[in-house]
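Take a moment to look through the chains before reading on. The paragraphs below go through how the chains touch, then through each part in turn.

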Amino acid sequence: MTIFDGLATPIVMGILLGGLYAVVALGLSLVFGVVREINIAHGDLVILGSYFGYTAMTVFGIDPILSLLIGMPVLFGIGFAIQKYLLNRAFRISMDAVLIIAFGLSIILENIFLKVWSPMSRGLTTPYALKSLSLGSVRFPLVYLLDFLAAIVVMVLLREFLRRTYLGMAIRAAAQDRKAAHLMGINTDRVYAFTFAISMAIAAIGGVFLGLTFPFTPVSGMPFLIIALGVVVLGGLGSIAGTFVGGIVFGLAQTVGGHFFGLAAQMLVAYTMVLVVLALIPRGIFGR
Amino acid sequence: MLEEILLKVSRIDAFHGTFQALWDVTLTINPGEIVAIVGANGAGKSTLLDTISGLVHPSRGSIEFEEKDISALEPYKIVDLGISQTPEGRRVFPDMTVLENLIVGSYNRRARSLRERNLQRVYQLFPLLKERKAQLAKTLSGGQQQMLAIGRSLMSNPKLMVLDEMSLGLAPLIVDELYKVLREIRQKGITILFVEQNVRRSLLEASKAYIMESGRVVLSGNASALREEERIKKAYFGA
Amino acid sequence: MKATIPRLRAGLIPSIAVIVVLALLPIIGVPRVWFLYTFLFFTYLAMANMWNLLAGYSGLVSLCPAAFVGLGGYTLAVVTWVGLPYYVGIIFGSIVAALFAMLISIPVFRLKGIYFAIGTLVVPEILRFVFLLWKPVGGAIHGRGAGYTVKGVAEISQSQIYWFALAIGIASIFLMRYILRSKLGRGLAAIRDSEGTAASCGVNVFKLKLYSFVIAAFVTGMAGTISYIYQGYIEPASAFSVRWLITIMLATVIGGEGTEEGPIIGTIIVVFMYFILARYAEISLIIQGVILVGIMLLAPQGIMGIIRKTRPYGFLLQWASRC
């Protein structure tokens, strides 16, 4: 009876937080599902989105969520260029080359962040970022709810895009059978570039909501990459629904773990879960 | 009398890594023909088709389609020009519905505007696909998947349709159906090139044939003429 | 087998000469900067050789060398706090790193390709957290987190530290030579070519990879302890930092992954860069990242790859094989 006391709040918070993790992981899942590359710079690219929102807020006084109107296209373009000029070429060299180049990219990004924004911890502290909501005995920050709503919106939009547009179908086709996709007249290089670009646009969203939810530093990319990897592996690479479920599982692991083991151990619980997931389910629940 | 040539493959060599799969292969296809490439496993037939489709680039020689050199083109450009391959093993997109598979088939620029017309054409040739249009492709049987694969190729509005081992693993009755459809497709003005291991059947259906062995063309000509020679080849290929 | 021994001996004489010269450097008295350079060179060389063993020869792109370095360093610190002499720390540090490698090999080797990389990426991060929260001995003297000074190293002379580094660096070169010519080496070559084929030829893929991994962990751990004897202080963020990885990855890639000479050339360059860029702290890493990406795109075989294609190299090989 007693250990379950006060569990309601961590559970609700975990589920809502899961929305954030789902958005952060979604781009990674998409890229792995389609292009079959694990972009280990993904975490840093999400943080790029966070810093973009931060700049919009502190330099231009624009609300970070609103700044996504510019942030998303910018990151879309960057992502397109990265895949087209770096990673497509890396693929022709070897799978290791892709990994190493992504790693190089990660190092470059982290140190650019360090140089421009210093190691100081930052946050997107808008007025609503500090508000809390109450639901009965449960109290949680408003942003957690926003995270969850954002996740739903992003996932629905992505799903519709993949289903109804030619590009979306081309992306799904290239993910399922690359050779057959070629024979359909699909330019897979271009499709991959668009896929990466879309994942970056989603990362931009993830970055802003991450910044609203947690403080971040130039090296925050790594912890979120690891969680995203866990989410993606658990939920199945390339599965939208799976990523959502995976996100919730990790959100819960963190909040409930924090409830039992203390705040300091939160990340450790999440990391351990990642290893467990990797060891037990290399293919994920929903995925191939 | 100048004979129009649709596809001209001239003396190509092609490699799979360091392994040479094609040696000095030459092949000509005229519009409106049904051409067969026959040979045992490993004869290089699939590599030849992949080279025509641009998935493999020849290291020597050239490939011309409608008098345009396509040997260095990317596969998607070759589909744009009007060559569509139905690959070995069908390779339908498993997690997409029948209708979605067909729609993806019309991905290339030329075919998009003609999508509805081609869709009706495919439904008319394969009523079964219309019935099952909302069904996931991976739940179809082998024969149904082959129909879908052929329908998908048709959606790209091809001038030349290339089929790789269409009858592999299918019951004779279904194979008969498929050849019947091929004949109808040919009547609509689409040229057909197909690859088979079954020599006898191929020579019955084709107007012209090429026999391949170990990456080379060893015999070619009019199908009915080759059928006579077949008695000699029977020992070679068995049934 | 007999034919190779005389040949090894022939190549051995110039090598020994070089080693003797290097060993005498501290006694001769060279500028402090040279000292630091060669110290760093030999410790990083050992680590780079090991990374090359894994990524270049065993098909294991391991992203966790920091784990071995950090564990080696922490073991060293703990050993000195418990009152044992530092050289025990060196031995124990290497053993702990090797044992850890054995431990994680079980789950991590089940992961193929990309998943292996992910798994190894997570490991140093986890260790960093663990050592942030866990204080193995005493209390922290200074710094945040579980930072420890390495006790009893003040008495060690610069020359001694230098000789340790020299030893591990040279040893790693000979180790690589030996491994690559041994049965293990041939098995690894087969795995590198095609894992499936190697397995069906009776090569115990798991066992060979495990050997490589554990050997690499041991040597990397040892180089780590030697590093920390020099530094005298260890804390989680830098011990398990990704900087170890980028440095040795860059060194191996610049020089040429999968070649024996690659790590040597690469480490010379990387340590040189370290000195040139020392003034521009954060930019230095940006530059290293850019170089890494550039090399992988433009010259993925590294410098050795370029050299091997040139004709003079061919002649050099012919001449050398006749000696």
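Two residues are in contact if their C-beta atoms, placed from the backbone, lie within 7 Å. The model shown here is a predicted one. With that cut-off, the contact between chain B and chain A takes 21 residues from chain B and 15 residues from chain A. On the side of chain B that touches chain A, the elements giving two or more residues are α2 (75–81) and α3 (98–105) of chain B. Sorted by class, this side of chain B has eleven nonpolar, five polar and five charged residues.

Chain A also touches chain C. Here 32 residues of chain A are in contact with 31 residues of chain C. Four helices of chain A, namely α3 (64–93), α4 (95–117), α9 (221–235) and α11 (266–280), each supply at least two residues of the side that touches chain C. Of the elements on this side, α4(A) gives the most, with 14 residues. By class, the side of chain A that touches chain C has 27 nonpolar, two polar and three charged residues.

Which of the two pairs of chains that touch has the most contacts? The pair is chains A and C. Chain B and chain C are joined by no contact, and their closest C-alpha atoms lie 13 Å apart.

Next comes chain A itself. Chain A has eleven helices and two strands, and along the sequence they follow the pattern α-α-α-α-β-β-α-α-α-α-α-α-α. The radius of gyration of chain A is 19 Å, close to the 19 Å that the globule rule gives for 288 residues, so chain A is as compact as a globular protein of that length. Taken along the principal axes, the C-alpha atoms of chain A fill a box of roughly 60 × 45 × 35 Å. Of the 288 residues in chain A, 60% are buried. Among the contacts in chain A with a separation of 6 or more, 78% are between residues 24 or more positions apart.

Chain B can be followed through its sheets. One is an open sheet of six strands in the order β6-β7-β8-β3-β9-β10, with mixed pairing. Why is one side of β6 and of β10 (216–222) of chain B left without a neighbour in the sheet? These two strands stand at the edges and each has a single partner strand, so one side of each has no neighbour there. From one strand to the next, the twist averages 15°. Helix α1 (residues 45–52) of chain B packs on this sheet and touches β3 (34–38), β6, β7, β8 and β9 (208–213) of chain B. The direction of this helix makes about 150° with that of β7(B).

Four bridges join strand β6 (residues 83–86) of chain B to β7(B), and the two run parallel; the bridge partner of B:Q85 in β7(B) is B:V162. Five bridges join β7(B) to strand β8 (residues 191–196) of chain B, again running parallel. Across this pairing, B:M161 stands opposite B:I192 and B:L163 stands opposite B:F194. Together with helix α8 (residues 172–187) of chain B, β7(B) and β8(B) make a right-handed β-α-β unit.

Chain B also has an open sheet of four strands, in the order β2-β1-β4-β5, with antiparallel pairing. β2 (19–29) and β5 (68–69) of chain B stand at its edges with a single partner strand each, so one side of each is left without a neighbour in the sheet. Strand β4 (residues 60–65) of chain B is joined to β5(B) by two bridges, and these strands run antiparallel. The bridge partner of B:E64 in β5(B) is B:D69.

Finally, consider one residue of chain C. C:S15 lies in helix α1 (residues 4–28) of chain C. Is C:S15 buried or partly exposed? C:S15 has 14 other C-beta atoms within 10 Å, so C:S15 counts as partly exposed. C:S15 and C:I170 are 155 residues apart in sequence, and their C-alpha atoms are 9.8 Å apart in space.

How values were computed. Residues are numbered from 1 along each chain as its sequence is written. Chains are lettered from A and ligands numbered from 1 in the order in which they are written. This is a predicted model: local features need pLDDT of at least 70, side-chain atom pairs count only at pLDDT 80 or more; totals for chains, interfaces and linings use all residues. Ala, Val, Leu, Ile, Met, Phe, Trp, Tyr, Cys and Pro count as nonpolar, Asp, Glu, Lys and Arg as charged, and the others, Gly among them, as polar. A residue is buried if 20 or more other C-beta atoms lie within 10 Å of its own, exposed if 12 or fewer, and partly exposed in between; C-beta atoms are placed from the backbone. The radius of gyration is taken over C-alpha atoms; the globule rule is 2.2 Å times the number of residues to the power 0.38. Two strands pair if DSSP finds at least two bridges between them. A crossover is right-handed if, with the strands pointing away from the viewer, the path from the first strand over the helix to the second runs clockwise. Axes are lines fitted to C-alpha atoms, for helices over the stretch in contact, and angles run from 0 to 180 degrees between N-to-C directions.
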